[in-house]
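Hi everyone, thanks for coming. Let me put the model up on the screen, and then I'll walk you through a few parts of it.

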Amino acid sequence: MSQTIALYINGLNVRFGGFAAITDLTLEIRYGESRALIGPNGAGKTTLMDVITGKTRPNSGEVFLDRKLDLATRGEAEIARSGIGRKFQKPSVFEALPVAQNLELAVRRGLGWGEMVMSRLSVAQRERIEEVLVTIGLQEDRQRKAAELSHGQKQWLEIGMLLVAEPKVLLLDEPVAGMTEAESERTVELIASLRSPDRAIVVVEHDMEFVDRVADLVSVLHEGRLLGEGSMQAVRTNPKVIQVYLGR
Ligand SMILES: Nc1ncnc2c1ncn2[C@@H]1O[C@H](COP(=O)(O)OP(=O)(O)OP(=O)(O)O)[C@@H](O)[C@H]1O
C-alpha cells in the first residue's frame, strides 16, 4: 500500500453559531486505502465531507489534498476539478436520460451550457465511458432511462458519474442505504474494484457488516471528536466506541 497522504486534516474545528460540530479533529487518509467514517447521528461525518469538498468553511484547522492544496480556502468547483469526487446519499442522476448520456454529461461537467451542447467527446473520453459502464455493471443498460433503474443501479450510475473524472479521492456517503442484500454485495465488489494505489476511498456508512468488508481502517466520530481509530476488529472492541455507538 502506498504511504503517501491524500487527505491531511489537522486541528479542524467547525462551529455553527455556538454549536461545535467538529472539535480538534486530526485525520490522515492515505492513497491506496479505503477508510470508513462511522459514528452516531450528528457525530460530524457529513460536516467533515462538507469541509473536504468546500461546501462548509472550517473555523480553524488545516485540510490539505496532497499536502499542498489547502481545501479550506478553495471553492467547490475547484476542489472537484482537483480530483475529489463525492457521492451524496440520495442519487441525483438525470432520470429522464439514458444511462450512457448521464455519463456523457458527467464527462462534460464544468463546461458552460454552450460548450456542453457543442463539444464532441474525444476518443479517450468515449473509451473512459465504456470502461466505466463495465466497472459499474451497466453496459447492458446503457440505453435505458435512468428512471427505469433499480435504486442500487442508480447508486452505481452515480458512482460511475464520478469515475469518468478518475478521482484521486472518492467520498461515498451511505452507499448501501436502501439497497437489497444482493445490491449491497455487488457494491462491496464495486468498491473493491475501485481501490488503487492512486486513489483514497472514504465511506460514511451505518451498516457495520458493509464497513467491515470494505474498509481497512475505521475512524469513529462522536460529537465532532475522534473517538477511536483502527481496524474494524480494534474499533469493535474499543470500550468507548461500544459505549456510545456499537453497543446501543
Ligand atoms: N448548517 C448547519 N447549521 C447548524 N447545525 C448544523 C449544520 N450542519 C450540521 N449541523 C449540526 O452539526 C451536527 C453534526 O451533523 P452531521 O450532519 O455532520 O452529522 P453526521 O455524523 O453526518 O450524522 P448522520 O449520521 O445523521 O448523517 C449535528 O448536530 C447537526 O445538527
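Let's start with helix α6, residues 151–163. Its 13 residues at 1.5 Å a residue should span 18 Å, and the end C-alpha atoms are 19 Å apart, which agrees. The expected span here is 1.5 Å times one less than the number of residues. Helices are DSSP runs of H or I with at least four residues, strands are E runs of at least two, and both are numbered from the N terminus.

Before going further, a word on the source: this is a predicted model, where local features need pLDDT of at least 70, side-chain atom pairs count only at pLDDT 80 or more, and totals for chains, interfaces and linings use all residues. Residues are numbered from 1 along each chain as its sequence is written.

Back to α6: is it mostly covered or uncovered? Mostly covered, with 12 of its 13 residues buried. Buried means 20 or more other C-beta atoms within 10 Å of a residue's own, exposed means 12 or fewer, and partly exposed is in between, with C-beta atoms placed from the backbone. Among the buried ones are Trp-156, Glu-158 and Met-161. The cover includes α5 and α7 (181–194).

Now the sheet. Four strands form an open, antiparallel sheet in the order β2-β1-β4-β5. Strands count as paired if DSSP finds at least two bridges between them. The edge strands, β2 and β5 (69–70), each pair on one side only. Helix α1 packs on this sheet, touching β1 (5–16), β2 and β4. Contact means C-beta atoms, placed from the backbone, within 7 Å.

Which helix gives the most to the shell around the ligand? That is α1, with three residues. Both β2 (19–30) and α1 (45–52) supply at least two. The shell includes Phe-16, Gly-39, Lys-45 and Thr-46.

Let me finish with Gly-39, in the loop between β3 (34–38) and α1. Gly-39 counts as buried because it has 24 C-beta neighbours inside 10 Å. Leaving out residues up to four places away in sequence, Gly-39 touches Lys-45, Val-220, Leu-221, His-222 and Tyr-245. Gly-39 and Glu-223 are 184 residues apart in sequence, yet 8.7 Å apart in space, C-alpha to C-alpha. Thanks, and I'm happy to go back to any of these views.

Terms used:
A residue is near a molecule or strand if its C-beta atom, placed from the backbone, lies within 6 Å of it. Two residues are in contact if their C-beta atoms, placed from the backbone, lie within 7 Å. Axes are lines fitted to C-alpha atoms, for helices over the stretch in contact, and angles run from 0 to 180 degrees between N-to-C directions.
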